[in-house]
Amino acid sequence: MKRIFVLLLAVLLLLACVPTPEKEFVTHKDTDEMLAKAAEPVEDAVGFAGGTGPTGALSEAPHIRERYEIPERLNETVTEADGHFTVNIDAIVEVPDTAAIPIIRVERGTFTQEEVTRLFRALTEGRTLYHDSRQMTKSQIAEAIAQLESELNDPALRAELNAEDLSMIPEWIADLKERWQTAPDELNEDVCDGTIGVMPLEDDGKTYTRYGFQAVSRDEQPRIIFHLTIPGQEEIMSHRLEDTLLTYMNSRSLLTGGEGDGDLHTPKIAIADPQNPAELAEYSFITYTPAQAMADTDTFFAAAGFPEIRADSVICYPDAKSGQCGYRVNCVHAVAGVFGSYLGHMRSGGISVDVSGFAPRWMYEVISVCIDEQGVYELSWYAPLAVKETVLEQTNLLPFDEILERFKKQIWIEEKPWLILDESLVVESDYPSDMRVKITRVKLGLQRVMEKNKFDSGLLVPVWNFYGTAVTTRTNVKTRETYEESHHNYASDSPLLSINAIDGSIIDLNKGY
C-alpha cells in the first residue's frame with residue numbers, strides 16, 4: 001500500500017489537541033523586565049562576576065554547567081495525589097558547550113535562490129527533475145492499477161487492512177481507470193533546475209502571489225518529489241498562510257520504514273541517548289546507529305552550506321520484515337554555539353498567533369531529516385528563521401535548583417486535567433485514573449518568544465525544556481478492566497514543559513510567551 005500512496009502523492013498530517021491547564025508560575029512576562037533581569041551582573045557559585053552586553057568580556061568565564069552547578073544527570077521521582085500521579089525523571093541534562101548564552105533578535109525568514117540551489121543540488125545529486133504537471137501517463141496509471149489489484153487479491157495484505165481500507169481500493173482503481181482514458185502517452189514537462197518561480201494562488205475569490213516550484217523525477221530510480229512554497233507579503237498579512245515550506249521526499253524511504261506512518265507495524269522509537277541506544281537492544285539487525293545518523297545529518301547540512309543547522313534528537317524506525325531501518329533526525333538552528341529548541345508538534349502554535357486575525361501568524365521553525373546509511377531520503381524545513389542581531393551576549397540565569405523545583409510543581413498543574421474524567425466516558429461507575437510521566441531529556445537551549453509590541457521580530461532566549469511521555473491508566477472499578485491513554489507519545493518531539501531560564505516563567509508554546 002505504501003508504494004501506491006507515493007504514486008498517488010497522498011500526504012497526511014495529524015494534529016493533536018490537548019486541554020488547557022491552569023498556570024501557577026506564569027508571570028505577566030514583560031519583555032523589558034526579562035531583558036533587565038537577563039542583563040544583571042552574573043555572580044555564580046564559583047565566584048565569577050561577569051559583565052553583560054555586546055562588549056562584555058567572557059574569556060575568563062567558567063562553563064555554563066560549572067557556573068550554575070548543573071548536574072550531568074537527573075534521577076528522581078515526584079508523586080502527587082496520593083500516588084495517582086507520578087513523575088519519574090531519568091535524564092541526561094544537556095547544556096550548551098559555552099561560557100555564556102546570548103539573547104538574539106530574529107525575524108521571519110525565507111530561502112534565497114542561492115540557498116535553494118544548494119539544497120536542490122545536494123538532494124537531487126545530478127538527477128533530472130521536471131516541473132510537476134500533476135499528471136500521470138497511461139503507463140504509470142496502468143502500473144498503479146496493477147499494483148492495487150495485486151494487493152487487493154493478496155490474502156496476507158487483506159488480513160492487515162480494516163474494512164474501510166479494503167473498501168477504498170476498488171474506488172481508487174475505478175478512479176484511475178477513468179483517468180487513464182484521457183491520460184497522455186508521454187509528459188512534455190519542463191526541466192526544473194531549482195529556480196524559484198511565481199505560483200499564483202486563488203482562495204475565496206482573492207488572488208495571492210506565491211513563489212517556489214514543485215518538481216518530480218521521471219527516471220527509473222527511486223522517485224524524488226521536491227516542493228518549495230514561499231508566501232508573498234500580501235498573503236502574510238492576510239493571516240491565512242503557513243509560512244515558507246521546503247520539502248523533499250525520495251520514495252526509497254518506503255523500503256526502510258520511512259517515518260513509519262505508512263506501516264502501522266513499524267515502531268517509532270525515541271532514542272534518549274544516541275551514543276548508547278538501549279532502546280534498540282532487541283533489534284540486532286541494526287548496524288547503522290542513531291549517533292551515525294545524527295553525525296551524517298550534520299555533515300549533510302554543512303556540505304550544503306548550512307553549518308548552523310544541527311542534529312538535535314533522533315527517532316528510529318526499525319523494519320523487522322526487511323531487516324532495515326531509517327531515522328528521523330530532528331534539527332535545530334544553532335546560534336553562537338547554542339542549540340535551538342525542537343518544537344515539532346507545535347507547528348499549529350507559535351508566535352504572533354491571534355485567532356481574531358489581529359496579528360499575522362508566525363510558526364516555529366521546524367526542521368527534520370529522514371536518513372539511513374544510503375543518505376537523506378526526506379527533508380522538511382518549515383518557517384525558517386533569519387538572525388537579525390545580538391541583544392545580549394551573556395545572560396543571567398536562575399539557579400538550576402530553582403528551575404527544577406518550578407518544574408516539579410508546574411508539571412502537576414499542567415497534567416492533572418487528564419486525571420479529570422469527561423462524564424461521557426463514565427460507564428456504570430467511576431474510572432479512577434493514574435498518570436505516569438517519564439522525563440527522558442532535560443535541555444537548556446535557545447527558544448523563540450514573542451517580543452513586546454512587535455509582530456515582525458522575536459527573541460531567542462535561554463529556555464529549559466523537559467521532554468518525555470505521559471500516560472494515563474483508567475480502571476473500571478466494577479470489572480477491574482484497564483485501558484491506557486497516551487498524551488505525549490514521542491519523547492524527542494515537543495517538550496512537556498518549557499521554563500524561561502531567566503525569570504522562571506512557564507512558556508505557553510501555543511502562544512509563544
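Leaving aside residues within four places in sequence, T98 is in contact with H63, I64, A336, G337 and V338. In this predicted model, T98 is found in the loop that runs between strand 4 (85-94) and strand 5 (103-108). The C-alpha atoms of T98 and P62 are separated by 8.5 Å, although the two residues are 36 residues apart along the chain. T98 has a relative accessible area of 15% and therefore counts as buried, the cut-off being under 20%.

Strand 11 (residues 245-250) pairs with two other strands. With strand 10 (residues 224-231), strand 11 pairs in the antiparallel sense over six bridges; L246 of strand 11 is the bridge partner of L228. With strand 16 (residues 375-382), strand 11 again pairs in the antiparallel sense, over five bridges, and here L379 of strand 16 is the bridge partner of Y248.

Aromatic side chains were examined next. A search of the whole structure finds 13 aromatic pairs. One of the pairs is formed by F407 and F466, which are stacked, with 4.1 Å from centre to centre and 15° between the planes. This pair links distant parts of the chain: F407 belongs to helix 10 (residues 400-415) and F466 to strand 19 (residues 457-475), 59 residues apart. The angle of 15° between the planes falls under the 30 degrees required for stacking, which is why the pair is classed as stacked. Both F407 and F466 are buried. Elsewhere, F111, F300, F301, F306 and W381 form one aromatic cluster.

Charged side chains also sit over tryptophan rings. The charged end of K138 is placed over the ring of W180, 5.0 Å from the ring centre. R448 lies over the face of W362, at 3.9 Å from the centre of that ring.

Notes:
Residues are numbered from 1 along each chain as its sequence is written. This is a predicted model: local features need pLDDT of at least 70, side-chain atom pairs count only at pLDDT 80 or more; totals for chains, interfaces and linings use all residues. Side-chain values use heavy atoms; hydrogens and water are left out. Rings of Phe, Tyr and Trp (its six-membered ring) pair if their centres lie within 6.5 Å; planes under 30 degrees apart count as stacked, over 60 as edge-to-face and the rest as tilted. Helices (H or I, at least four residues) and strands (E, at least two) are DSSP runs, numbered from the N terminus. Buried means under 20% relative accessible area, exposed over 50%, partly exposed in between (1.4 Å probe, protein chains only). A charge sits over a ring if NZ of Lys or CZ of Arg is within 6 Å of the ring centre and within 35 degrees of the ring normal. Contact means heavy atoms within 4.5 Å. Two strands pair if DSSP finds at least two bridges between them.
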